[in-house]
Amino acid sequence: MSHHRSYARQSVVPPPLYLRRSVATLLAITLAVTSVANGQDAPPAETTLRIGVIGLDTSHVPAFTKSFNAEPANPEMQNCRVVAAYPYGSRTIESSYSRIPKYTEQMKEMGIEIVDSLDDLLDRVDCVLLETNDGKPHLDQALAVFKAGKPVFIDKPVASNLAEVVAIYRAAEHFGVPMFSSSSLRYSEGAQAIRAGKVGRVLGCNAYSPASTEPSHTDLFWYGIHGVESLYTCMGAGCQSVSQTLTPGREVVVGVWSGGRIGTYHGIREGKTGYGGTAMGEKGIAPIGDYGGYKPLVVQIAKFFRTRELPIDPNETIELYAFMEAAAESRKRDGGRVTIAEVMQAAEKAADKLLAGRL
């Protein structure tokens, strides 16, 4: 059994099972996570890291590139430059592939080399931004990057369903390649202040965001990920069960965390949209605040490329996707309660099939 499979499964088991695990097992989980973070030696500080982009079907691409390649360079992103891009990309979702020509031209205007294949890109770069807006191709694309040994940031969503998410993280562990994924909402000023203890231990939280869907993806993976990322930034991991209430224009997901804490996500599909929420803690109540733009995330990506240190525990990211998968399963059960453990068990079995003969 691979190290990653061990920590992916154990990250989402309810606390009573955690308490029954031996010290040796918990140590093994910690070492598994650490091995990914330190899978490659960090380059010397003065080395210019060549960044390659996979997928030119999202506005994140020109925005991130402008931040990395700004002149004069932002001190927090010095020696990290986007140099090449491979345009594809979704070939099935019209709202994504129709944007490829536009963003390809924008990248050319910024002096970025456009290459004809993934192999050509990987030959030219030191690290990768996997930006394909469609999560369906991510597993194949990520496997190519892992086999090439290139550290990678995978933009949201990690994949189109939980089994693919688990498979990607398991493959990263197998090949010893550092990777992380995050919505930029994680690094908004308000969410980070709450994470750092502004209200003390968070006992409850509600978060909201737009929640448009794409039929090929688990419901909230497509856009609800932003608000769910905010929720998890404030609450941390440890959700045990999920239930969902759905109407044509909105969706409310209630998660019960260990210790009786409750976190809710409100997905907006009609009317005024926005990002935000409220965290309630032992010492106070505070708003999550508005979206803070891309820059805080890009700074974290640059630091990650430079140090090879993971800014987010993989367990937490896997669990927040399990939260969204459980919400979709609850919808199928007319709002019935779904445990995180059961969706993870199903995803692990499906990931076995996805990775068969590929590792």
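How much space lies in the largest pocket? Some notes on that and a few other spots follow; bear in mind that this is a predicted model.

1. The pocket. The largest pocket holds about 250 Å³ of space. Its lining is made up of 15 residues, and His60, Lys156, Tyr223, His226 and Tyr294 are the ones nearest the centre. Sorted by class, that lining comes out as 6 nonpolar, 7 polar and 2 charged residues.

2. Two helices side by side. Have a look at H8 (residues 138–148) against H9 (residues 162–175): they pack at an angle of about 10°, and their axes are 10 Å apart. Angles under 35 degrees count as roughly parallel, so H8 and H9 are roughly parallel to each other. On the H8 side the contact uses His138, Leu139, Ala142, Leu143, Phe146 and Lys147, while H9 brings in Ala167, Ile168, Ala171, Ala172 and Phe175. By class, this contact has 9 nonpolar residues, 1 polar and 1 charged.

3. More on H8. Its buried residues are His138, Leu139, Gln141, Ala142, Leu143, Val145 and Phe146. After the helix comes Gly149, with a positive phi near 75°.

4. Ser212. You'll find Ser212 in the loop between strand S7 (202–210) and helix H11 (225–235). Is Ser212 buried or partly exposed? Its relative accessible area is 38%, so Ser212 is partly exposed. Leaving out residues up to four places away in sequence, Ser212 touches Asp219, Trp222 and Tyr223. Tyr223 also turns up among the residues nearest the centre of the largest pocket. Ile268 is 56 residues from Ser212 along the chain, yet their C-alpha atoms are separated by 7.7 Å.

Notes. Residues numbered from 1 in each chain as written. Predicted model: local features only at pLDDT ≥ 70, side-chain atom pairs only at ≥ 80, totals over all residues. Heavy atoms only, no water. Axes fitted to C-alpha atoms, helices over the stretch in contact; angles between N-to-C directions. Helix = DSSP H or I, 4+ residues; strand = E, 2+ residues; numbered from the N terminus. Parallel < 35°, antiparallel > 145°, perpendicular 65-115°, else oblique. Contact = heavy atoms within 4.5 Å. Nonpolar A, V, L, I, M, F, W, Y, C, P; charged D, E, K, R; others polar. Buried < 20%, exposed > 50% of the residue type's maximum accessible area, 1.4 Å probe, protein only. 1 Å grid on protein atoms, 1.4 Å probe; cavity = no way out; pocket = protein on both sides within 12 Å on 5 of 7 lines; lining within 4 Å. Points joined across faces, edges and corners; volume = space filled by probe spheres on them.
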